[in-house]
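Open the model in your viewer and get ready to select helices in pairs. This short tour makes two stops.

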Amino acid sequence: MHERRRFKDILTTLGYDPVEGFGEGRKIGILIALALLIIITACIAVVMGAYDISIAAVYRTILTHLTFGDVSALPRLHNTIVWDIRVPRIILAISVGGALAIAGAVFQGVFRNPLVEPYILGVSSGAAFGAALGIVFPHIFFSIQISAFIFGALAVTFAYMLARVRGETPIITLILAGVIIGSIFSALVSLLKYISTDTALREIVFWLMGGFYYATWGDVRLLTPFVLFCFIILWGLGWKLNILSMGDEEARTLGVNPEQYKFIVVALATAVTAFAVSLVGIIAWVGLMMPHAARMMLGPDNRYVIPAALMMGATYLIICDTLARTLTTAEIPVGIITSILGAPYLCYLLRQKGRVIFG
């Protein structure tokens with residue numbers, strides 16, 4: 001409570017006035033509505049697909065599994081399509097969308113810029129290089145996912161080490177370091193494309209566009225608990241992130257070590273981003289759009305922005321993935337759908353940035 005009062009006093013001193021319409025009750029109501037929206041969207045998405053299965057048959061299949069009923073009594077084709085393909089795909093979309101959105105919220109808070117995304121420090125380029133290595137040299141890098149995760153994390157580690165100056169990590173230097181490291185790994189990906197076979201080249205390009213075509217229950221069991229773990233920690237650090245978003249000097253006046261907490265939140269956000277990207281490829285815009293939209297709805301308080309961003313990212317990616325697999329007979333990579341929808345939103349952000357309330 002004492003830290004919260006000091007935080008509000010600092011906001012007042014810096015000229016930040018309370019904004020009408022951002023009351024606690026309204027924020028909680030919005031979070032509840034977003035949670036219901038995920039459920040509704042998932043329930044609609046699970047009955048949609050290229051293969052025509054009745055709504056009753058879809059939910060009968062799901063309820064049979066959830067209630068530990070007699071699965072053998074279900075039609076084998078229905079069980080495979082609904083329980084083994086659609087349900088894990090939707091849950092994985094929820095996990096990946098939530099992971100990218102909370103990572104975006106953290107990066108935007110730390111860098112104090114609503115136009116920052118989770119890939120700003122080179123994690124996507126590093127993961128792409130790792131995946132390309134796994135595709136081009138499968139006998140050396142036996143797992144594409146593990147290789148993508150390792151190199152995604154290494155890219156951010158290199159950027160952080162490059163930006164470190166006399167025990168501190170200035171934000172501008174960190175961003176520039178991320179751009180440099182990302183450019184290096186992008187060049188290495190281009191090199192691997194050049195030397196790869198036609199089959200490997202097609203696989204690299206397909207991976208770079210992102211998608212949930214190979215989603216399995218194994219992926220769900222790997223990613224979902226990790227996303228929840230990182231979310232709980234980052235949510236618990238919401239007040240610290242609020243203070244970090246005010247700048248290093250203000251953070252020190254409140255007794256917060258900015259370097260320590262920047263390292264913690266950036267490390268967690270990077271880990272959850274690298275893990276998500278390693279499983280499904282590069283999916284753009286979710287980590288940029290959803291935190292910003294959450295902030296516009298709920299104000300700058302990260303205690304509310306982080307859970308709202310997670311739920312909005314999950315819902316958005318369910319919608320995009322459903323469009324990707326139902327618009328045409330041949331599945332469209334979901335990264336294409338998110339980019340098509342995201343570009344107009346970035347134009348909107350650029351036009352409206354001067355009017356955005358950002359703590």
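A crossing of two helices is called left-handed if the near helix is turned anticlockwise from the far one by less than a right angle, and right-handed if clockwise. Keep in mind that this is a predicted model.

**First stop**

Select helix 4, residues 76–111, and helix 9, residues 217–236. Their axes come within 9 Å and cross at roughly 30°. Angles under 35 degrees count as roughly parallel, so helix 4 and helix 9 are roughly parallel to each other. The crossing of helix 4 and helix 9 is left-handed.

Now show side chains. On helix 4, pick W83, D84, V87, P88, I91, L92, S95, V96, A99, I102 and V106. They meet W217, D219, V220, L223, T224, V227, F231 and L234 of helix 9. Colour this contact by class: 15 residues are nonpolar, two are polar and two are charged.

**Second stop**

Move on to helix 13, residues 286–298, and helix 14, residues 302–326. Here the axes come within 8 Å and cross at roughly 130°. That angle makes helix 13 oblique to helix 14. Which hand does the crossing of helix 13 and helix 14 have, left or right? Helix 13 passes helix 14 in a right-handed crossing.

Select the residues in contact. Helix 13 brings V286, M289, M290, P291, A293, A294, R295, M297 and L298. Helix 14 brings N302, Y304, V305, A308, A309, M312, G313, Y316 and L317. Colour by class again: the contact of helix 13 with helix 14 has 15 nonpolar residues, two polar and one charged.

How values were computed: Residues numbered from 1 in each chain as written. Predicted model: local features only at pLDDT ≥ 70, side-chain atom pairs only at ≥ 80, totals over all residues. Heavy atoms only, no water. Axes fitted to C-alpha atoms, helices over the stretch in contact; angles between N-to-C directions. Helix = DSSP H or I, 4+ residues; strand = E, 2+ residues; numbered from the N terminus. Parallel < 35°, antiparallel > 145°, perpendicular 65-115°, else oblique. Contact = heavy atoms within 4.5 Å. Nonpolar A, V, L, I, M, F, W, Y, C, P; charged D, E, K, R; others polar.
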